[in-house]
Amino acid sequence: MHDYLETMKVAMELKGFSEATQKAYLAQIRHYERFSGKHPAACGYDEVRAFLHHEIKVRKLSSSYVNIAYGAIKFFYQTALCREWNMQYVPRIKQKRFLPTVLTLQEVEQVIDSVSNLKHKAMLTVCYTSGLRVSECTHLKVSDVHSDNMRLYIRSGKGDKDRYSILSHRALKLLREYWKVYRPKDWLFPGAIKDMPISVRTLQAVFKDAITACGITKAVSIHSLRHSFATHLLNKGANILQIKDLLGHGDIQTTTRYLHLTNAQVLGIKSPYDAEDAR
């Protein structure tokens, strides 16, 4: 088994998969092996179907999680075992699409204002005002802040893509206050471990505590700051292509889901029933 996993790992590295994806895929293959009770090389479509069906019906896992398992097994059979993969034998579960939960601008202000730690406040502010993923925020470097043209450089974002996002004047002012106190040299937000950035979990915990302190009951996570950034920009008149580039989406379809949250405000749509109010 070890040799096959190593072959798969090398293949993922050659494909440029992120470390997180590699870890998730390898974990799924180990889980699949435990479920089937035999070496994956001795398994076929029947075992794969049984495993995925168990994940859906018994464990009741989300479509996103099941599709990760599907992708891992497919990649394993194609690269480590050099087998053909026929989707007619193993259909892929349809991905459910949920509208993201967003915070109002007033709620975002509440959350940020509730944080007293200057470093944590600066991080939440940058997450929202530049629309960053939490890992992108934690991995910022001092040199990524371009105050001359008010841009923020995001290196190796999702899909290992670099991009620029906007830098808010209020965020820059807060970052300057933060820099005077902490004097970071390499990582903009260094962690407790020497030469390492602050952990994602730390920032997630900061956001969770802030939400609780504000009494906000919406089902939100720190990623909701990114959703809120996109939604608020649309409400202010930014177009979908601009927001796609700022968020670093590879597919415009990923960005268009925000239109469902903002069409009424951006396009001025009114119910035909309300149009008769003037009668």
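I take helices (H or I, at least four residues) and strands (E, at least two) as DSSP runs, numbered from the N terminus. The model is predicted, so I note that local features need pLDDT of at least 70, side-chain atom pairs count only at pLDDT 80 or more, and totals for chains, interfaces and linings use all residues. Residues are numbered from 1 along each chain as its sequence is written, and side-chain values use heavy atoms, without hydrogens and water.

Entry on α2. I looked up helix α2, residues 19-36, and found 18 residues. From first C-alpha to last the helix reaches 26 Å, close to the expected 26 Å, the expected span being 1.5 Å times one less than the number of residues. Just after α2, G37 has a positive phi of about 75°. An α-helix has 3.6 residues a turn, so residues three or four places apart point the same way.

Entry on positive phi. Most residues other than glycine have a negative phi. I found that K60, not a glycine, has a positive phi of about 55°. K60 sits in the loop between α3 (45-57) and α4 (63-79). K60 counts as exposed because its relative accessibility is 67%, exposed meaning over 50%. C82 also has a positive phi, near 55°, and lies in the loop between α4 and α5 (105-113). C82 is exposed, at 66% relative accessible area.

Definitions and conventions
Buried < 20%, exposed > 50% of the residue type's maximum accessible area, 1.4 Å probe, protein only.
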